[in-house]
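Subject: Two-chain model, handed over with notes

Hello,

Here is the structure I promised to pass on.

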Amino acid sequence: MATQHSRSVARLMMAPAVVLLLGWMLVPLTMTLYFSFKKYLPLRGGDLGWVGLDNYVRFVSSSSFWPAVQATLVIVGGVLVITVVLGILLAMLLDQPMWGQGVVRILVIAPFFVMPTVSALVWKNMFMDPVNGLLAHLWRFFGAEPVSWLSEASMTSIIMIVSWQWLPFATLILLTAIQSLDSEQLEAAEMDGAPVLKRFYHIILPHLSRAITIVILIQTIFLLSIFAEIFVTTGGAFGTRTLTYLIFQRVLESQNVGLGSAGGVYAIILANIVAIFLMRIVGKNLDA
Amino acid sequence: MARTVTTRRKSFNTALAWAVGLLIFFPILWTILTSFKTEAQAIASPPLFLNFNWTLENYAIVQERSDYMRFLWNSVIIAGGSTVLGVIIAVPAAWAMAFVPSKRTKDILLWMLSTKMLPAVGVLYPIYLLFIRLGLLDTRGGLVVVLMLINLPIIVWMLYTYFREIPGEILEAARMDGATLKEEILYVLTPMAIPGIASTVLLNFILAWNEAFWTLNLTAVDAAPLTAFIASYSSPEGLFFAKLSAASTMAIAPILILGWFSQKQLVRGLTFGAVK
């Protein structure tokens with residue numbers, strides 16, 4: 001169907017997008033790589049020459065590296081577990097017949113549209129403030145001592161805030177997947193007397209497995225780079241300094257560009273490992 | 001008999017779902033309510049739900065103190081500009097990939113997606129440096145370009161999945177009737193593609209509006225959008241819950257409304273067509 005002429009027109013039509021993305025990828029990436037092999041302190045002497053792999057070694061051996069890796073893993077893992085488990089339950093609930101389903105869906109999805117700085121600040125002040133926060137009121141009501149959420153339970157707090165933001169995404173995708181489930185199959189199983197749990201394990205969960213994988217992969221990519229939520233709540237204090245935040249501090253706060261760039265290369269490698277799995281699934285879907 | 005059971009079950013589902021839905025929505029509701037309280041009422045113990053004197057003074061204070069309209073305008077320009085620019089660049093590309101596919105189309109699509117996976121912090125300094133050198137730091141134009149680039153893969157993907165659903169036979173029929181490429185695009189394709197383009201615009205406007213890494217790091221005063229405006233409330237100052245709530249409500253209201261219209265596109269756009 002496609003002629004030689006239409007092929008060259010097609011190539012021309014793709015060119016702007018391809019060239020722009022190629023530039024967007026290659027130029028900064030090359031610069032990051034370049035800086036990562038240099039001692040580069042813009043405010044204290046500028047370019048101080050090549051240092052080989054020194055920055056890579058120093059980034060990994062600094063005392064803040066492993067805590068940052070740990071914080072990153074705990075946040076990503078915690079949010080994934082909460083959003084996927086609650087997301088499945090919520091999707092199954094929303095799939096049931098009920099009155100006002102559309103409105104409930106809207107209520108559940110809403111947090112996804114709240115900008116990260118707003119949700120983080122609202123949670124930080126109006127809910128987690130140890131004196132005037134709503135949670136403090138609730139704790140006092142039950143006679144408990146209010147918690148200083150963001151300093152004493154900093155990781156739990158961040159995980160709560162981020163989970164609240166991402167639960168709608170997981171729910172919405174899982175709900176879409178559940179709705180494509182053949183209801184006759186479920187009804188048949190119900191008629192045959194299969195108990196609820198069995199139906200869940202043998203029919204619903206296998207059907208959802210692909211959607212769950214996609215939710216996990218996409219969320220991981222976004223969660224690895226959460227920034228604003230930490231920026232406006234703890235500023236990286238109280239053990240909440242993730243890898244992304246650590247690199248940000250090295251690059252912009254202490255202006256140690258060489259060191260930060262080496263960290264950036266690590267972050268890129270980490271994200272790519274996750275991305276490969278996601279691309280495989282998406283790629284398979286393209287062929288179908 | 002069977003009917004009463006279903007009705008009871010439906011009532012139970014309804015009650016449970018509404019309770020959960022309201023619980024999830026509660027932080028937003030509470031923010032909106034607090035924005036109409038006075039600062040003293042905002043921290044009253046026990047908390048006041050509806051029994052307070054509704055006031056609009058916080059909105060007036062927020063606007064007066066920090067010129068909210070300027071940030072709003074920046075958000076509109078940055079989110080709108082990056083979306084429009086992105087769509088203009090992506091439509092031809094997605095059209096070509098959907099209707100004149102070649103062996104490499106799939107690779108190009110996956111490669112575009114892979115640029116989206118690049119962690120922003122990994123290229124923070126180069127972009128920062130380029131912005132300084134090119135005089136783009138704290139300009140709306142610079143942010144329009146950056147946000148367009150980070151969302152371009154999603155825009156291309158969404159448009160591609162929509163265009164692919166347009167049956168190719170229609171194009172062939174038009175061609176048989178002697179339509180030129182230009183006529184084909186203008187009179188056949190465009191009308192069929194408009195719903196897909198509209199959904200793409202909507203979702204990407206939302207994503208750009210809420211983007212909070214580049215907007216926080218590349219703006220200071222002049223080009224700061226609402227994300228940065230809200231971040232300026234992160235250092236507490238006396239009583240400020242009601243003002244924070246008013247500012248937050250104003251920042252999220254437009255996008256909440258747009259978002260509700262885009263729920264369906266959200267799934268397609270954010271899973272790159274892998275879940276429909």
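Let me start with one residue in chain A. F238(A) counts as partly exposed because it has 18 C-beta neighbours inside 10 Å. The cut-offs are these: 20 or more other C-beta atoms within 10 Å of a residue's own make it buried, 12 or fewer make it exposed, and anything in between is partly exposed, with C-beta atoms placed from the backbone.

A word on the source. This is a predicted model, in which local features need pLDDT of at least 70 and side-chain atom pairs count only at pLDDT 80 or more, while totals for chains, interfaces and linings use all residues. Residues are numbered from 1 along each chain as its sequence is written, and chains are lettered from A and ligands numbered from 1 in the order in which they are written.

Back to F238(A). Its phi is positive, about 55 degrees, although it is not a glycine. Most residues other than glycine have a negative phi. F238(A) sits in the loop between helix 11 (228–231) and helix 12 (243–253) of chain A. Helices here are DSSP runs of H or I with at least four residues, strands are runs of E with at least two, and both are numbered from the N terminus.

Q255(A) is another such case. Its phi is about 50 degrees, and it is not a glycine either. Its place is the loop between helix 12 and helix 13 (257–287) of chain A. Q255(A) has 15 C-beta neighbours inside 10 Å, so it counts as partly exposed.

Now T32(A). Is it buried or exposed? It is buried, because 25 C-beta neighbours fall inside 10 Å. T32(A) belongs to helix 1 (residues 4–36) of chain A. Its C-alpha atom is 7.7 Å from that of A262(A), which is 230 residues away along the chain. Leaving out residues up to four places away in sequence, T32(A) touches S261(A), G264(A) and V265(A), and also G122(B), V123(B), Y125(B) and P126(B) in chain B. Contact means that the C-beta atoms of two residues, placed from the backbone, lie within 7 Å.

Chain A as a whole

Chain A has 13 helices and two strands. Its radius of gyration is 24 Å, well over the 19 Å that the globule rule gives for 288 residues, so chain A is more spread out than a compact globule. That radius is taken over C-alpha atoms, and the rule is 2.2 Å times the number of residues to the power 0.38. Along the principal axes, the C-alpha atoms of chain A fill a box of roughly 75 × 75 × 30 Å. Of its 288 residues, 42% count as buried.

Chain B as a whole

Chain B has 13 helices and zero strands. The box for its C-alpha atoms, along the principal axes, is roughly 75 × 75 × 35 Å. In chain B, 46% of the 276 residues count as buried.

An automatic or database assignment sets the domain bounds. For chain B it gives domain 1 (2–58) and domain 2 (66–270). Their C-alpha centres lie 33 Å apart. Ten residues of domain 1 are in contact with eight residues of domain 2. On the domain 1 side, helix 1 of chain B gives the most, with three residues.

Two helices of chain B

The axes of helix 5 (residues 105–116) and helix 7 (residues 140–164) of chain B come within 8 Å and cross at roughly 145 degrees. Axes are lines fitted to C-alpha atoms over the stretch in contact, and angles run from 0 to 180 degrees between N-to-C directions. On the helix 5 side of this contact are L109(B), M112(B), L113(B), T115(B) and K116(B). Helix 7 of chain B brings P153(B), I154(B), V156(B), W157(B) and Y160(B).

Where the chains meet

How many residues of chain B are in contact with chain A? There are 84, and they meet 86 residues of chain A. Helix 1 of chain B gives the most to the chain B side, with 16 residues.

Best wishes
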